[in-house]
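Subject: Structure handover

Hello,

The structure is below, followed by notes on what was found in it. Please read the notes alongside the coordinates.

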Amino acid sequence: MTLIPQLIFALILAFGIGFFVRNVKKLSRNIKLGKEINRTDRPGERWRNMALIALGQQKMVVRPIAGLLHIIVYIGFVIINIEVLEIVIDGLFGTHRVFAFMGGLYDVLIGSFEILAFLVVVSVVIFWIRRNIIRLQRFIKPEMKGWPKNDANIILYFEVVLMFLFLLMNATDLQLQSLGAAHYTEAGAFPVSQYLLPLVDGMSQSALFLVERTAWWLHIVGILIFLNYLYYSKHLHILLAFPNTWFAKLQPKGQLDNLEAVTKEVQLMMDPNADPFAAPAEDEVEGEPGKFGASDVMDLNRVQLLNAYTCTECGRCTSECPANQTGKKLSPRKIMMDTRDRLEEVGKNIDANNGVFKEDGKQLLDDYITREELWACTSCNACVEACPVSIDPLSIIMDMRRYLVMEQSAAPVELNNMMSNIENNGAPWPFNQMDRLNWKDE
Ligand code: SF4
Ligand code: SF4
């Protein structure tokens, strides 16, 4: 038997996996551009969250229709890909249906893969109708125009084509088995693909062989292309949902993190025994003070950047956002999409300049996310609660506001007045503390 198909298969496989590894390295490099953050506390709770939210799809079913359909596609995607293992072994060693020795179990496996493939196609068609015919509000917001819309549809088309190729491959295989063709030993159950037989009925053995091999090759090449498409797509969430839910914040949602430098400063102010003129301790390194808040992606932490890559652009956050619902410009989904776009831009800049970022005169603030969007946020946390993969758009908004307030003194006038009142009067109102009880005399 000629080894050429096996060699071609090995080359395609190596190229597909090699390109994927290259993109994973790029992804990791980009995420590491963010600041380090320690999110390894309470590991038991983190594993539990990952199992329930990423693997168990716990938050998806809050919206039952979309949740159920998503679970079907997800299970189908994971389980049918077990079959890819057989394809890879067959491709590398020139065998055919190498797991057929399992007998009855093999029949059950192939039969269940087929039923799942059918359910995946049905779910994907419903998803497509919801996006393109019913046009659900959250799928037609301004940030979903152009590439994000096309990306969502490309993923759906990919899934249908892959499932169809899988079923066509099985239908022709079944026909070849029934004709007693060489190498096509009777194996597998075909509860769905048997209905495709009329498509191949009457074909000669050589034509059937050609269709079967074409579907087989296109199926595996399609899977490798899809694998590599992930990096450029919102579909990256099928991999990143796992680390993202693991590293998610465990503190109560409303608890904001304090800046260490400011906390120290305040503690010093409040400590009656502290000497404000004391020289710094020997082990205290006095460097340039760090930037307060974030104006660009490098100022965000690594979990926030991981969040940006994990966003599925589902829009559940935006549909729950009170600011968005009342017609404000803010969309928490857009905050995540902008962060990812800017991060990608920075990554490409580094690639083009031999591994060093060359100042490009742009930043996340103003060039991607406007101040109007940032100040429209009520900090209600509804977006964080709604996100099915534990993304925290509010933390990015807060860090960017922090930059505006602490580095640029650029808070809105009303907020500045309130903050000066708190500083001077101990209350947000413009009245002297001494006048607080005046009301009793009125
Ligand atoms: S926290 Fe801000 S962005 Fe998130 S839902 Fe509330 S208002 Fe919208
Ligand atoms: S942040 Fe979460 S809820 Fe919002 S679009 Fe992304 S994945 Fe969906």
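Leaving aside its neighbours within four places in sequence, which residues is Cys-383 in contact with? They are Cys-317, Glu-320, Cys-321, Pro-332, Pro-393 and Leu-394, where contact requires C-beta atoms, placed from the backbone, within 7 Å.

Some conventions before the rest. This is a predicted model, in which local features need pLDDT of at least 70 and side-chain atom pairs count only at pLDDT 80 or more, while totals for chains, interfaces and linings use all residues. Residues are numbered from 1 along each chain as its sequence is written, and chains are lettered from A and ligands numbered from 1 in the order in which they are written.

Overall form

The protein has 19 helices and zero strands; these are DSSP runs numbered from the N terminus, helices being H or I of at least four residues and strands E of at least two. Its radius of gyration, taken over C-alpha atoms, is 28 Å, whereas a compact globule of 442 residues would have one near 22 Å (the globule rule is 2.2 Å times the number of residues to the power 0.38). Along the principal axes, the C-alpha atoms fill a box of roughly 100 × 55 × 40 Å. Of the 442 residues, 30% are buried; buried means 20 or more other C-beta atoms within 10 Å of the residue's own, exposed means 12 or fewer, and partly exposed lies in between, with C-beta atoms placed from the backbone.

Domains

There are two domains, domain 1 (4-31 + 63-235) and domain 2 (260-278 + 287-425), with bounds from an automatic or database domain assignment. Their C-alpha centres are 40 Å apart. Between them, eleven residues of domain 1 are in contact with 16 residues of domain 2. On the domain 1 side, helix H1 (residues 4-31) gives the largest share, four residues. That side consists of four nonpolar, two polar and five charged residues. Here Ala, Val, Leu, Ile, Met, Phe, Trp, Tyr, Cys and Pro count as nonpolar, Asp, Glu, Lys and Arg as charged, and the others, Gly among them, as polar.

Ligand shells

A residue is near a ligand if its C-beta atom, placed from the backbone, lies within 6 Å of it. Ligand 1 has 15 residues around it, of which Cys-321, Cys-377, Cys-380, Ala-382 and Cys-383 come nearest. Helices H13 (322-325), H17 (382-386) and H18 (393-406) each supply at least two residues of this shell. Its classes are eleven nonpolar, three polar and one charged.

Ligand 2 is also surrounded by 15 residues, and Cys-311, Cys-314, Cys-317, Arg-333 and Cys-387 are the closest. Two or more residues come from each of helix H12 (316-320) and helix H14 (332-352), and H14 gives the largest share, three residues. The shell around ligand 2 has ten nonpolar, two polar and three charged residues.

Cores

A nonpolar core is a set of buried Ala, Val, Leu, Ile, Met, Phe, Trp, Tyr and Cys residues joined through C-beta atoms within 7 Å. The largest has 47 residues, and Leu-305, Cys-383 and Met-400 have the most contacts inside it. H18 provides the largest share of this core, six residues. A second, separate core of 30 residues includes Val-124, Met-163, Val-192 and Ala-215.

One further residue

Glu-345 is in helix H14.

Regards

Conventions:
Contact = placed C-beta atoms within 7 Å.
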